[in-house]
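Subject: Handover of the two-chain model

Hello,

Here is the structure you are taking over. My notes on it follow below.

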Amino acid sequence: MSLFHTRLIILLGLVVTLGSCKKEEPAPEDENELITTVRLKFTENGTTTTQTFEWKDLDGDGGAAPTISAISLRPSRTYKLEVEFLNESVSPAESINSEILEEADEHLVVVTPSASSLFTYTATDKDSRSLPIGLAGTLVTGTASTGTIKVQLRHQPPVNGQPVKNGTVTPGSDDANVTFPLTLVP
Amino acid sequence: MNKKELPPFPLFPLHPTRSKRRWQPQFFAGWVLFLLFHSAYAQTPKDCHCLIKGVVKDRETRQPIVGAILRIEGTSFFATTDTSGRYKIDQICQGKYTLECRIVGYKVIKTSIVLEHSAEEDLNLSEDEVHLQDVEIVARRIQTPLSQKSSLLEGQALDLTRGETLGDALKKISGVTTLQTGASISKPVIHGLHSNRVVIMNNGIRQEGQQWGSEHAPEIDPFIAKRLTVVKGAAGVRYGSDAIAGVILVEPDELPKSPRLSGEVNAAAFSNGRIGVVSGTLQGGLPQWKGWTWRIQGTLKNGGNIRTPDYFMANTGVRENNFSATTGYRSSRFGVEAFFSQFVNNIGIFSGSHIGSTSDLLNVIKNGEPFIKTGFTRNIERPNQLILHNLLKGKAFYNFNGNRLSWTVGRQFNRRAEYDLHGPQASTNPALLFRITTLTSDLVLDHKPLGNGKMSGQLGLSGLYQYNFTDGRPLIPDFEQTNIGIFGLERWVFQHWELEAGARFDWRQLDVFRFVGTTPDPRHHSFTNGSGTVGVVYTPDEKLSFRANFGTAWRPPTPNELYSKGVHHGAASYEEGDETLRPEVAYNLIGSVEYTSQRFKGELGMYHNQISDFIYLKPQAEPILTIRGAFPYFKYTQTDATFTGFDLDTQWDVIPKRFSHNLKLSYLRAYDRREQGYLVFIPANRIENELRWSVGKVFSSKDTYLMLSHLWVDKQRRVPPNSDFMEPPSAYHLWNINIGGMLSLKELSQLHWTFAVQNVLNTSYRDYLNRFRYFATEQGRNVSLKLRYTF
């Protein structure tokens, strides 16, 4: 067999053996940034009593249905509201708030009533451009009624290097968008 | 006959080599003609002692072909090639004729011949010296089913698409549309079907990436292709059982036959997105190793934000760098070839399409345009896709006693990283990462013609082994699969009839490494089934031909259809697989009529594809409530679907060689028989008219032409009620202009140029098959200049 034919065989052999590389073991998928829980902590002004309500979906999207607390507050009061986002699918549970604060310039928490007479919410925290973040704020309730309270975590990262966060809900997309039932009873 | 196969040769080329080069596009259409001898003087009395003889060879292997039938059109003269591929037809009167060569398994070749002699000739001269044309015919082996009409894009038609994506190039073929995700991601759709139902053969290897995803475009550098062939309709026997809709063959040129250094440089610049593309090919031989030749090829592409008529779309840039290298040895008995290609692509995903919830989507639709508009930039930010595809291929063939045994092996690795504009973490990890490795091996025996050369065919064994890893957001589990198929395909030629029949049997094992939480919950699936094809071609005369084919194909459910579970962000839907899905089976009937006359060519292709247990995403009554709000809930379900339609193609030379008209019309109706309703996401009907004016020589530009085309796409009216977030977009009209020509620079170097304007009127429109139709309108006017320099 000539040197030439040997070359041919080496070439073909190379092609075949290249296929037989070692491969790794399968592993479970890992969602790197899951939010399972939205926790609302209300403290009525002048008191130290806190009320905590949660919207929780521990197994992520799909699967078991989420559990949602019904929020009950008193009419015509002023509350301090703290919003917390958590990933409780891992142990120990991790709070996403620190990450939101790190990138405060591209996040906004928006709290919206189903009817404007229900309450007003004013964020008290500010980012580096003096725009609201909304993780902490003041919520003033209206007259006794029922409705819903919608909490959105808006992700508003810069587009083509230009910041887009402007303090309104419009830019960006939802990282969380949950709705709680709300009752205002004396 | 396909017009592209008609010889465009001048009848008396004074410099055969030059004319061959000049007509390069047609040269590749499949044949070479050498006029070895001719004498052209005044003609007087008819002499009927003319003779044609020659040899018929395989274009690739240069092996003689036994049993080819040669016929002189319009006469009863015919001959068959002997064991050395030689033929001879004598006692022909002088005149102009068309010689037709028909071989089973090869394309039909037609060539013009002129048999004349001068009055002063010494009639005692031997016939061979005076009245003879020695015509060498080089035939290209057909890889596609004969009775299933395939459409070709090559030569100038392919040049017009240079710099565009593979999907956009294929759109030039009637019956093929694209499924778009913005402007830069386009997937071919054949007769309404796409993704796993279309097999793409990239240089002889089944392209295996994550082709199930509608936003996953084929990872192929279009510049590799010298020829794009689309086989419409089920072609499961030869290419794998899952070719339910058809097959796309992406074929590079054969390796050069001469060791001379040659090559080409392509450059294209587009105004929209300010896209620049450069691609180069260099090929030659190895002087000290006779028979060895090589080719290297590479492409660079860079583009920025695409502009619609009214605004720029943020983050729609694209960057691509690809290369390939081929080397091979070929003799008449055997040959080997090694090929490696790498495709690397970074695509920005329009940031205005990023939605976190259904309400985000509804807000954008209500707004009618993106909330955020920016200027032009080439920077690509998140969300984006970073894709790498490597292909290593080895091929060998051996010819013995008229048989040909070929073996093709391939190893592909596809890495797809999808970066989301997501979450508060500034991590460098992709949100979703797929790594899929595929090994393929195909052994095919083309047996020698049997029954006096009337029957030829092939037998094959093909294997595939594949494994996939998914990291990040749960979407599809890791899996491993093995597929083994055996097939046989035979063809007969009997006078005006050609018959074809084939069968295939496949066996597939699928192991899915599913996890419930962190606990393994593996699943095993096993699928076996057969597919078949029968077809006939009837050619009553040279002007007319009829084809009919009945083919079946089947496709086992893919891991995403079985196990996907999660929110599909681009589609704002929650999609869930079903592990009890059965394979879907297609029964495909196609027929076509082709009429060719001097000035008119028309082809009507009709099809009816019935798919039992067609797998699709069915909307569920209740939405799924997630932390990002409620998402419409879709589940992979099976139904019985039919795809019925036709494609009409005509070409009319209004003023021969000056002015021609071209029409393409596609009609498709897809129906869900179980639900008694229509199917979603089916391309709308369309008509394209093209006027071409061949100007000829303008300054030093030869073969200058001007083309004006108009495309009308109807609104898709056949959609199930309440199936979409917004009504299908309205019908639209698009106007395009192409002007081009060729400059001969030196003996063998030429410069082809094309100036084009797409969407001349800067029309603002949306297309139903663009997944981003909710977020933005389509690309606006796009002016481009394309140059191709060959040497």
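How many residue pairs are in polar contact between chain A and chain B? There are six, counting pairs with both residues at pLDDT 80 or more; a polar contact is a pair of N or O atoms within 3.5 Å, where within protein one must be able to donate a hydrogen and the other to accept it, and residues adjacent in sequence count only if both atoms are side-chain atoms.

Please note that this is a predicted model, in which local features need pLDDT of at least 70, side-chain atom pairs count only at pLDDT 80 or more, and totals for chains, interfaces and linings use all residues. Residues are numbered from 1 along each chain as its sequence is written, chains are lettered from A and ligands numbered from 1 in the order in which they are written, and side-chain values use heavy atoms, with hydrogens and water left out.

The interface

On the chain A side, helix H1 (3-17), strand E1 (37-44), helix H2 (97-102), strand E10 (145-155) and strand E11 (173-184) each supply at least two of the residues that touch chain B. Helices (H or I, at least four residues) and strands (E, at least two) are DSSP runs, numbered from the N terminus. H1(A) gives the most, with eight residues. By class, this side of chain A has 25 nonpolar, 14 polar and 15 charged residues (Ala, Val, Leu, Ile, Met, Phe, Trp, Tyr, Cys and Pro count as nonpolar, Asp, Glu, Lys and Arg as charged, and the others, Gly among them, as polar).

In total, 54 residues of chain A are in contact with 64 residues of chain B, contact meaning heavy atoms within 4.5 Å. The two chains bury about 4800 Å² between them, 61% of it on carbon and sulfur atoms; buried area is the accessible area (1.4 Å probe) that two parts lose on being put together, summed over both.

A:Arg154

One salt bridge is counted between chain A and chain B, that is, a side-chain nitrogen of Lys or Arg within 4 Å of a carboxyl oxygen of Asp or Glu. It joins A:Arg154 to B:Asp360, with the closest N and O atoms 2.6 Å apart. A:Arg154 also forms a salt bridge with A:Asp174, at 2.7 Å from N to O. A:Arg154 lies in E10(A) and A:Asp174 in E11(A), so this pair ties together parts that are 20 residues apart in sequence.

Sheets

E10(A) and E11(A) belong to an open sheet of four strands in chain A, ordered E4-E11-E10-E7 with mixed pairing; two strands pair if DSSP finds at least two bridges between them. Its edge strands are E4 (71-73) and E7 (107-113), each of which pairs on one side only. E7(A) and E10(A) run antiparallel and are joined by seven bridges, with A:Ile149 as the bridge partner of A:Pro113.

In chain B, strand E36 (residues 633-655) has several partners. E36(B) runs parallel to strand E31 (residues 573-576), with three bridges, and B:Glu575 stands opposite B:Phe634. With strand E33 (residues 600-619) the pairing is antiparallel over 18 bridges; there B:Ile611 stands opposite B:Ala641. Another 14 bridges join E36(B) to strand E37 (residues 659-672), also antiparallel. The hairpin of E36(B) and E37(B) has three residues between the strands, and B:Lys657 takes a positive phi near 65 degrees in it.

Regards
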